[in-house]
Amino acid sequence: MLASAAVVAVMLSACAPGGGASGSESSGERSGDGADGAFPRTVQTGKGPVTIEEAPDRVVALSPTNADELLALGMEPVAVAADPATLSEEAPWIADEIEDIAHDDFHTAGGDLNVEAIAAVEPDLIVAQTYQVADDAVYQQLSAIAPTVTPDSQDGNVDWDVRLRAVAEAVDQAEEAERIIADIEEQFAAAGEQIPGIGGKTYQWIRVDPDAFAFGNASVFDLFGMRPAGNQDNTMNTDPLSFERIGELDADFLAVWAPTPELRERIDQDPLFQDLPAVRNGTVYYADLAFATAINSPAPAALEWLKDSIVPALDELAD
């Protein structure tokens, strides 16, 4: 990801990681369950149908999230667009597994994809998130290198199960994806069942900006049995919420990410924020960069980490 907090901030606003490559360029490893059996295959993506002629061996993941998905499906990517120096801070659940294949030169200093660096590792499949290829010209450049797969969606930040299914289709692991999805849903539901009354509780997930609050996609909380507050827009298409309207942050559970110490101090010193129901009731959760990454771009390993991290805070909701 680009400059850690910066990319998460872009995703959270959702109108939508410098140095040389440090990753190994050995071939990826597939699981043995059917990965060689159904090629060529055509998959539907947000950019239209994409044909993959042969079972891929050298898959490039354009984010740690995509690497998380590939690893869960039994395939090791040959390279990941990520800065190894910041992985432990932004994606601790997968940092050790991808540190040696993380390429911090897959993005330019300005945050654009470095197509030449990606081409240099000679991928036979590229997997990306939709916001990374919003520019059709960039997508065409990537597609000229290798088949490039995104979720079949136009959303800037696609739900985790949709993304996982898209990657699974590309590597012929659809059945494994369904098993993983069912297992994650069962784990979250079981955790929610241990919190009496959680089914009637509402949530909000916000980032603190200098002049307003931005809502993020918190649909992961639905897996616990919770429901979004009336103004919680998980599609992230709503306008920011001004500080003058702090009182509208009235959910039973409020998750907040202040990307800088100054922004955290801003809300700590705001009496209106401190008077919110969740703050007064001890059901506010102050997120760090890792949590913001996990909830805004969840994948199997990130979801397990997130569940274990947030459940103690959700326990405070018990009736």
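A salt bridge is a side-chain nitrogen of Lys or Arg within 4 Å of a carboxyl oxygen of Asp or Glu. In this predicted model, Asp275 and Arg280 meet that description, their closest N and O atoms being 3.3 Å apart. Asp275 is partly exposed, with a relative accessible area of 47%, while Arg280, at 51% relative accessibility, counts as exposed.

**The chain as a whole**

The chain contains 13 helices and 13 strands. Of its 319 residues, 55% are buried. Its accessible surface comes to about 13100 Å², and carbon and sulfur atoms account for 45% of that area. The count of salt bridges comes to 13. Side chains of opposite charge can pair when their charged atoms come close.

| Salt bridge | Closest N to O distance |
|---|---|
| Asp275 and Arg280 | 3.3 Å |

**Pairs involving helix α7**

Arg163 lies in helix α7 and Glu69 in helix α2 (residues 64–72), so the pair ties together parts that are 94 residues apart in sequence. Arg163 and Glu69 are both buried.

**The network around Arg41**

Arg41, Glu169 and Asp172 are linked in a network of salt bridges. Asp172 is placed in the loop between α7 (160–170) and α8 (174–193). Because its relative accessibility is 17%, Asp172 counts as buried, the limit for that class being under 20%. The side chains of Asp172 and Arg41 are also joined by a polar contact of 3.4 Å.

**A negative patch on the surface**

On the surface, Glu76, Asp96, Glu97, Glu99 and Asp100 gather in a patch of negative charge. One of these residues, Glu97, is found in helix α4 (residues 95–98). Glu97 counts as exposed because its relative accessibility is 53%, and the exposed class begins over 50%. Residues in such a patch have no salt bridge, in contrast to Asp172, which belongs to a network of salt bridges with Arg41 and Glu169.

Notes. Residues are numbered from 1 along each chain as its sequence is written. This is a predicted model: local features need pLDDT of at least 70, side-chain atom pairs count only at pLDDT 80 or more; totals for chains, interfaces and linings use all residues. Side-chain values use heavy atoms; hydrogens and water are left out. Patches are made of residues with over 30% relative accessible area and no salt bridge: like charges are joined within 9 Å, nonpolar side chains (Val, Leu, Ile, Met, Phe, Trp, Tyr) within 5 Å. Accessible areas come from the Shrake-Rupley method with a 1.4 Å probe; for residues, only the protein chains shown count as cover. Lys and Arg count as positive and Asp and Glu as negative; His and the chain ends are not counted. The place of a charge is taken as NZ of Lys, CZ of Arg, CG of Asp or CD of Glu. Helices (H or I, at least four residues) and strands (E, at least two) are DSSP runs, numbered from the N terminus. Buried means under 20% relative accessible area, exposed over 50%, partly exposed in between (1.4 Å probe, protein chains only). A polar contact is a pair of N or O atoms within 3.5 Å; within protein, one must be able to donate a hydrogen and the other to accept it, and residues adjacent in sequence count only if both atoms are side-chain atoms.
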